[in-house]
Amino acid sequence: GLPAGQIGSTANFFELGGNSLMVIRLLAAVNAAWSLELTVTAIYKYHTIEALAGLIDEFMGQLAASERIAALPDDDLVEIDL
């Protein structure tokens, strides 16, 4: 595993010794915890806890918004021509 004493929110996953197998394990845990479908690319792009948390927040915000829209009664929806 990664050295627990050195892990901070801005620590780089790969500079701490993270590797491709750990990426798969991390993805499995994150995707299961938040019911997401993040890909390997996400970990390579968002390689700090802070950056990954921001990505998860974005996804969760999008999910929350789409869930709120889906829950609206049809008579509350308005068609907009763009």
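**The whole protein**

Begin with the surface display of this predicted model. The protein exposes about 6100 Å², and carbon and sulfur atoms supply 58% of that area. Of the 82 residues in the protein, 22% are buried.

Next, switch to the cartoon display. The protein contains three helices and zero strands, and along the sequence these give the pattern α-α-α. Consider also the contacts between residues at least 6 apart in sequence: 38% of them join residues at least 24 apart.

**The nonpolar core**

Now select Phe13, Met22, Val23, Leu27, Val30, Leu36, Leu38, Ala42, Ile43, Leu52, Leu55 and Ile56, and show their side chains. These twelve residues form the largest nonpolar core. In soluble globular proteins, nonpolar side chains tend to be buried together.

**A nonpolar patch on the surface**

Finally, return to the surface display and select Ile24, Val40 and Tyr44. Together they form a nonpolar patch on the surface, with about 270 Å² of accessible area. Centre the view on Val40, which is found in helix H2. Is Val40 buried, partly exposed or exposed? Its relative accessibility is 34%, so Val40 counts as partly exposed: the category lies between under 20%, which is buried, and over 50%, which is exposed.

Methods: Residues numbered from 1 in each chain as written. Predicted model: local features only at pLDDT ≥ 70, side-chain atom pairs only at ≥ 80, totals over all residues. Heavy atoms only, no water. Core = buried A, V, L, I, M, F, W, Y, C linked by side-chain atoms within 4.5 Å. Buried < 20%, exposed > 50% of the residue type's maximum accessible area, 1.4 Å probe, protein only. Patch = residues over 30% accessible without salt bridge, like charges linked within 9 Å, V, L, I, M, F, W, Y side chains within 5 Å. Areas by Shrake-Rupley, 256 points an atom, 1.4 Å probe, with all protein chains shown as cover. Salt bridge = Lys/Arg side-chain N within 4 Å of Asp/Glu carboxyl O. Helix = DSSP H or I, 4+ residues; strand = E, 2+ residues; numbered from the N terminus. Contact = heavy atoms within 4.5 Å.
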